[in-house]
Amino acid sequence: MKPIHLLILGVLLSAASSIQAQKLAPAPYLCDSMVLQRDMPLPLEGTAAPGSSVEISFAGHTVTAETDAQGVWQATLPALEASNRNRTMEIRCGGDTVTIRDIVVGEVWLAGGQSNMAFKVRGMEFDDRLALIRDADYPNVRCYYRANVVSGGKLLDTSDRPWSGAYGRHIYDWSAVAYLFARELHRELGVPVGIVNCSHGGSTAEAWISPEAFASDPALKAAVGKIYDGIGSHYKNPSVLYEKMLARFRGLTVRGVIWYQGESNGYFPEQYATLFPGLIADWRRFFGNDNLPFIFAQLPSYRVPGDKSGDRWARLRQSQLGTARTVPRTALVVTADCGDAENIHPKNKYPVGMRFAAAAEELVYGGKEPGTLTLPGPVTVEGCKVTVPVGGIRNGLASRSEESGFELRDMAGNWHPADLHIRGNLLELTSAEAPVPTGVRYAWGNVNTLTVYHKSGLPLPPFTFDIEPKTTER
């Protein structure tokens with residue numbers, strides 16, 4: 001039997017350890033050099049000893065909160081105006097104080113998806129990379145990087161990279177798309193812009209969806225195409241990255257999400273039409289904003305290995321287009337002309353980042369220039385002529401090729417090249433081989449070529465639509 005003084009010492013040490021575990025701490029992303037979202041109430045979270053009072057002071061405001069039985073506290077700062085001024089936040093509980101320095105207020109976006117969002121500035125074409133690094137002197141463009149779970153087929157045990165500004169070679173390891181997006185918004189809006197990079201190479205859409213969303217929606221659960229074992233189970237299976245990565249940002253206020261993903265769902269392209277809208281709805285619940293803007297890339301041109309059909313990615317692009325046409329507050333960024341038929345990670349990220357920014361300026365910030373070309377209206381047929389309306393514009397469309405890039409399907413199901421006539425925002429198509437057209441498609445196939453652009457430089461997205469043939473009434 002242990003002496004009584006040793007038992008007492010053990011109890012005291014255990015209690016001290018428990019107190020230490022409940023030491024005052026804000027959420028991990030609340031740290032030096034962060035960007036807070038402007039013009040929106042700002043929930044703040046953290047931990048401290050259960051039953052204690054926490055006081056938060058920032059920008060002339062002081063708010064308080066009580067910790068719950070698990071030691072979690074939540075408080076909300078009022079909406080703040082944009083500010084380039086580096087200010088300090090103090091969080092106090094009992095005798096403890098946490099000081100967070102160099103905070104600015106502006107626009108905060110989360111950059112999510114898989115490897116083409118994670119693709120770094122250092123991987124871009126040499127001239128593009130060099131130009132970005134020489135230009136990078138933006139103390140109020142800042143990035144927080146969430147550590148990945150897997151790399152090189154091995155589990156990782158690494159820490160997040162906290163907020164840092166865009167200076168020279170420091171941007172080497174930033175997401176190329178996210179950096180270009182943030183830099184352009186900063187230039188256009190004149191306010192600080194923060195990027196939270198929460199992307200993971202090889203990840204599926206289902207890996208980013210919560211268990212609660214799957215449990216409440218049988219159709220969403222049924223859309224999962226495959227369950228992985230081994231290392232893939234850590235970043236491809238349902239909910240694993242939602243829990244291991246996204247959950248870290250609970251309570252964070254963001255303006256919106258930019259998203260580049262879909263490659264890993266290419267084996268089940270039709271299911272993506274269910275999974276992706278489910279993901280968007282789930283993330284809107286996570287961030288507490290039913291109108292959260294969601295801007296996403298349509299997959300680029302790529303020769304998919306082993307795909308004998310030649311159109312698996314084309315069909316996934318169609319699922320992405322369907323999401324943009326049916327889910328409010330979303331925008332589609334076309335990337336087919338920025339792809340590389342032999343490389344799933346195309347280096348030409350410059351126009352992709354700029355198109356993301358253009359989409360945000362139109363969707364979120366009231367920009368007067370078109371940010372995306374959409375296909376909002378129904379396809380109509382008059383005799384043998386098919387008309388496809390293009391939304392968001394009145395004029396300015398033109399073809400950049402002698403070949404139209406469009407096809408019409410005949411009654412037997414065969415596709416034929418179509419002649420194109422552009423009238424305002426209408427695409428008028430005819431084919432002598434399809435006098436009774438039953439379908440229309442544009443820039444179809446895994447590897448494709450875009451031909452129609454707006455004068456702003458925005459391309460028309462690849463698409464396919466069925467057409468109900470008209471029958472003669474008797």
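**Cores and cavities: a quick note**

1. Start with the largest nonpolar core, which has 102 residues, with Met-89, Trp-259, Trp-283, Leu-460 and Phe-463 making the most contacts inside it. A nonpolar core here is a set of buried Ala, Val, Leu, Ile, Met, Phe, Trp, Tyr and Cys residues joined through side-chain atoms within 4.5 Å; buried means under 20% relative accessible area (1.4 Å probe, protein chains only).

2. Before going on: this is a predicted model, with local features needing pLDDT of at least 70 and side-chain atom pairs counting only at pLDDT 80 or more, while totals for chains, interfaces and linings use all residues. Residues are numbered from 1 along each chain as its sequence is written, and side-chain values use heavy atoms, leaving out hydrogens and water.

3. Have a look at Phe-463. Leaving aside residues up to four places away in sequence, Phe-463 touches (heavy atoms within 4.5 Å) Gln-318, Leu-321, Leu-375, Val-388, Phe-406, Val-440, Arg-441, Tyr-442 and Trp-444.

4. There's also a second, separate core of 39 residues, Ile-133, Tyr-138, Ala-166 and Val-177 among them.

5. Now the cavities: the structure holds two of 30 Å³ or more. A cavity is a set of points on a 1 Å grid over the protein atoms alone where a 1.4 Å probe fits but cannot get out, and lining residues have an atom within 4 Å of a point. Of its 13 lining residues, Leu-36, Leu-42, Pro-43, Leu-252 and Thr-253 are the closest to its centre.

6. The second largest cavity has a volume of about 50 Å³. Its lining includes Arg-355, Gly-371 and Pro-459.

How values were computed:
Buried < 20%, exposed > 50% of the residue type's maximum accessible area, 1.4 Å probe, protein only. 1 Å grid on protein atoms, 1.4 Å probe; cavity = no way out; pocket = protein on both sides within 12 Å on 5 of 7 lines; lining within 4 Å. Points joined across faces, edges and corners; volume = space filled by probe spheres on them.
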